[in-house]
Protein chains: 2
Amino acid sequence: MQRMTVFQRFSRTFRENPSLAKMLVVFTVSGGGLMAYSEAKSENEMNIVDSTEAEGKKKRVVVLGTGWAGTSFLKNLKNSSYDVQVISPRNYFAFTPLLPSVTCGTVESRSIVEPIRNIVRKKNVDVHYWEAECFKIDAENKKVYCRSNLTSNLGEKEEIVVDYDYLVIGIGARANTFNIPGVAENCHFLKEIEDAQRIRRTVIDCFERANLPNLSEEERKRILHFVVVGGGPAGVEFAAELHDYVTEDLVKLYPKVKDAVKITLLEATDHILNMFDKRITVFAEEKFQRDGIDVKTGAMVVKVSDKEISTKEVKNGGAISSVPYGMVVWATGIGTRPVIMDFMKQIGQANRRVLATDEWLRVEGYDGIYALGDCATINQRKVMEDIWAIFRKADKDNSGTLTVKEFQEVLADICERYPQVGLYLKNRQMRSLFDLLKDSKGDAVKESVEVNLEEFKAALSQVDSQMKNLPATAQVAAQQGSYLADCFNRMEECEKNPEGPLRFRGEGRHRFRPFRYKHFGQFAPLGGEQTAAQLPGDWVSIGQSTQWLWYSVYASKLVSWRTRALVISDWGRRFIFGRDSSGI
Amino acid sequence: MQRMTVFQRFSRTFRENPSLAKMLVVFTVSGGGLMAYSEAKSENEMNIVDSTEAEGKKKRVVVLGTGWAGTSFLKNLKNSSYDVQVISPRNYFAFTPLLPSVTCGTVESRSIVEPIRNIVRKKNVDVHYWEAECFKIDAENKKVYCRSNLTSNLGEKEEIVVDYDYLVIGIGARANTFNIPGVAENCHFLKEIEDAQRIRRTVIDCFERANLPNLSEEERKRILHFVVVGGGPAGVEFAAELHDYVTEDLVKLYPKVKDAVKITLLEATDHILNMFDKRITVFAEEKFQRDGIDVKTGAMVVKVSDKEISTKEVKNGGAISSVPYGMVVWATGIGTRPVIMDFMKQIGQANRRVLATDEWLRVEGYDGIYALGDCATINQRKVMEDIWAIFRKADKDNSGTLTVKEFQEVLADICERYPQVGLYLKNRQMRSLFDLLKDSKGDAVKESVEVNLEEFKAALSQVDSQMKNLPATAQVAAQQGSYLADCFNRMEECEKNPEGPLRFRGEGRHRFRPFRYKHFGQFAPLGGEQTAAQLPGDWVSIGQSTQWLWYSVYASKLVSWRTRALVISDWGRRFIFGRDSSGI
């Protein structure tokens, strides 16, 4: 503890004297030592053991964002040899899966947020949080430029420049308008707490407005026409929540206008919830039909004016039609944030749609920069790209052919490095690579299997078709965050004893195993205490019991006991008193 | 019930056909019958018994505002012979005494509001609510002009013109800046829910901002200097809440900046809480001193710039000094709303500061217009103004002198009509008016007391000094609302059998007893689970037990079981988990 204090004083000196700190960083970086850590978890915790010049200085980790990825990283980071700086415009973590519940007041907005300072406070890692928004990443000089978003009389928008040794980017995505005219101006999005609050107020406003005297019946119907764009889980859940809110609570208070309410769900593809099992899609579509929610599939939004939304039929000649609306919620697709676009240009990814990382979540070509969550996507290495390197590495005796024994030695590494190989075998119901090779060789006996490069290539030619991008979900982001924290926790350990697969292109082994996503299933709440769930192994569950499963899973996943207690009491309140309709 | 339905259809026809309704109103009004009611609570409830032309039509009562006055009126109105229209920009009632708790998140904003539709829903009275703000009252033509405050794409700000037979004005007051430069631009007020939410976010913003790196110590101290202007109950409670929030919760999360926090309370008079008993004032000042809250009395704010607040010493030469601040909360004084000012000009009250009503809450000179709560003040009739009329009325035999017997007959009426008389006697420890008269006559025997006008005048000359305006509190507004509802409930009954005091200037009796305020005491929460209370009879209670009294009184006074449950669970949450510091 004594040493800790000494060190803290040390680090404060640096933080209060930026030029000193900068000098030291330049010194460190120019030293060229890539990995420099203190001896984590050892007795002499604070006596830096480091071969580079950065003696007495912890590695600076800058985390951008306090969403699922960033928070999960921070929660799981246990190695005290880092000096962590968290930068985000939101000083809290929001449990976003409950956002649709917030839009209708089933759950209060404050019940699903936890201050990031609370989350990181008890840890033995030095974590500093700064409320600011990053507007530029300078990968060359290892700096991020941030701007405080606190305005009013608190001073000018201050700019902060922060140096890093490692940068963890987890700033999420923005709503994607697909450049459709009028969307940005007239639609509500559903990404932030503020969005949900605004939607809630707008729903009430629509009802109050429709209730005013002297309105034509037509205008009243327009105002109470709620349009949800996007038949994915978010859009479907919001439409369902809104329907419950209207039928369970609002009609009692606004009896005059209840017949004028209409909810429309627009989806460009043929079915809503098309990432789910067919049984769920069918159930959802039927339930919505019974509920009177108008599901329009194959309808692509082409324009949103201030009072009308225009859609184009995807099939049947593409007729364009317009309907008046009172509120549109845009719940389809995510886009890249400007700061990431700018960063992509800088690092030569200008042609890509999303920031690409390798399987270790490193931004390609930049060892110290990690990107996770919705702001990035893992660019899986294709087997075909490396086929020659794999063959050469496996063919230890350089015979030009691979024998069974040679295979056996690299098999696990191949499957680990290229997960699509394993998936391919599983889907073809083959037990191992041997079967695959056997196939390509005809009916030869297993022991005598021996393939050359061309045969090897042919055998693996279909493998890459199994590659899929991970969905942009909280689950993925959280797993990536904890994976990365785990890597950071054991960085030095793994530097000495790499645990990853063979480097096929290079020498030695990778430090870490690549990130592997474990899908725990997905829920689709459909309103009226009905929920559909698709669990691993294509297990589908629909109905009220699934709603209770949803309640228990979400309650258990909440970030703190406080939020857990609040959300559960919110649910209780809703059961007893219904949802509130005050316009605040 | 059948008749009810018929009538409802009738009245709907009128509402949907405004010109028809207007014609009828004009017809009714021009008929000149002042009081025209249906036979409330009688068998033939809907068969209008009315001497005017307004057959088949309920009297239209328009209520402006859903604060304490308006809501209390609506809650207590039970006579179904009115068609009530409530107009307010807020579709909810807010339990304002808990606003200071909302500023620091001890209680959630939504926990202290109840939709006005919920409050009026179960009643047998026809109540319609419209979310709009009144911007003009036309007393001549009995119309109010309102504007919907719902903007966005829901259409233009619609104007609504509403006719009334009775108008109940309860739109409250606005914060009074006393035209001090910079106050409106730079200060936070504490009147509405939104104000409290904004203050909460600003407090967090200040802490986040002060926590940023690269700030000078001076700037950090500026940002964390919270100034509260006004040493009344609101200002004191807010300062205490803020102090608790900082010391109990925020210092844990912002340890770096805790020493820079400073709270200053500015009060222009010599003491804070000067409407309370001295013991409370002293206790509060001592407690604040122990807590480190800097109480500056005798300091009048003269200017607020974006970063500095300037005060002038009231005594000692009036030196002006300026201090830098991060946030100023303006909790001093209330002002008249523009629509009321405009209305006052119209009715010849342009010279007054506040809208004046008589003791029956009627706007002077306008029988059908009532004003209650913070937007009006009761202009008590002075005894001296009416002294001649009183004398004449009492002197039944026109003898020019008053005898004991003559007195006895009008005594109760005098005391009821002019409550200051009763107060005066009580303060002088006299049992009756006889003592007063005896005083003025010397030691004469009771039976032989007989006074002429001059002697009568002399005896009562000091009485009017006892008149005091009622404080602008929720308690007063609520009592006025229920008083007025009671008058409306029994309007016809009392028309037939007036229950009020003698009309000294006119003939007969007043219909109703004048409004009389009953003071149930006042709390001043001082933070740290300490509350002071001044109860009727100058009973003073200070300490933790009073805090529990505060909890129980406020919980019991909340408007609905829902808000009660929410506020109590908020208190519980605060005890267990502390206050949240998310910037939402």
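Predicted model: local features only at pLDDT ≥ 70, side-chain atom pairs only at ≥ 80, totals over all residues.

1. Helix α7 of chain B (residues 193-210) passes a simple length check. Its 18 residues should span 26 Å at 1.5 Å a residue, and the end C-alpha atoms are 26 Å apart, so expectation and model agree. Of the 18 residues of α7(B), 13 are buried, and the helix is therefore largely enclosed by the rest of the structure.

2. How are chains A and B related? The same surface serves both copies, since 98% of the contact residues of chain A recur in chain B.

3. The contact between the chains draws on 58 residues from chain A and 57 residues from chain B. About 5,400 Å² is buried between chain A and chain B, and carbon and sulfur atoms give 54% of that area. Across this interface there are 8 salt bridges. D580(A) and R110(B) have side chains that meet in a salt bridge, at 2.8 Å from N to O.

4. Over all chains the structure holds 76 salt bridges. Within chain B, the side chains of E114(B) and R562(B) meet in a salt bridge at 3.2 Å, N to O. This pair links distant parts of the chain: E114(B) sits in strand β4 (residues 113-115) and R562(B) in helix α20 (residues 561-577), 448 residues apart. E114(B) and R562(B) are both buried.

5. A salt bridge also joins D358(B) and R362(B), whose closest N and O atoms are 3.0 Å apart. Is this pair buried or exposed? D358(B) has a relative accessible area of 14% and is buried. R362(B) also counts as buried, at 14% relative accessibility.

6. The pair E492(B) and K496(B) has a salt bridge of 3.9 Å, N to O. Both residues lie in helix α18 (residues 491-496) of chain B, 4 residues apart, about one turn of the helix. E492(B) counts as buried at 19% relative accessibility, whereas K496(B), at 57%, counts as exposed. Elsewhere, salt bridges that share partners join E108(A), R200(A), D570(A), R573(A), D580(A), R110(B), E114(B) and R562(B) into one network.

7. Q480(A) lies in helix α17 (residues 474-489) of chain A. With a relative accessible area of 4%, Q480(A) is buried. Leaving aside residues up to four places away in sequence, Q480(A) touches L361(A), L372(A), G373(A), I378(A), L470(A) and F515(A).

8. V228(B) is placed in strand β11 (residues 225-229) of chain B. Its relative accessible area is 1%, so V228(B) is buried. The contacts of V228(B), not counting residues up to four places away in sequence, include G235(B), F238(B), T264(B), L266(B) and V329(B). V228(B) and M327(B) are 99 residues apart in sequence, while their C-alpha atoms are 8.5 Å apart in space.

9. Two backbone angles deserve a look. Most residues other than glycine have a negative phi. Phi of K142(B) is near 55 degrees, a positive value in a residue other than glycine. K142(B) is in the loop between β6 (133-138) and β7 (143-147) of chain B, and counts as partly exposed at 24% relative accessibility.

10. Phi is also positive at N398(B), a residue other than glycine, with a value near 50 degrees. Where is N398(B) placed? The loop between α12 (383-394) and β22 (401-402) of chain B holds N398(B). At 62% relative accessibility, N398(B) counts as exposed.

Terms used. Residues numbered from 1 in each chain as written. Chains lettered and ligands numbered in written order. Heavy atoms only, no water. Helix = DSSP H or I, 4+ residues; strand = E, 2+ residues; numbered from the N terminus. Expected span 1.5 Å × (residues − 1). Buried < 20%, exposed > 50% of the residue type's maximum accessible area, 1.4 Å probe, protein only. Contact = heavy atoms within 4.5 Å. Buried area = accessible area lost by both parts, 1.4 Å probe. Salt bridge = Lys/Arg side-chain N within 4 Å of Asp/Glu carboxyl O.
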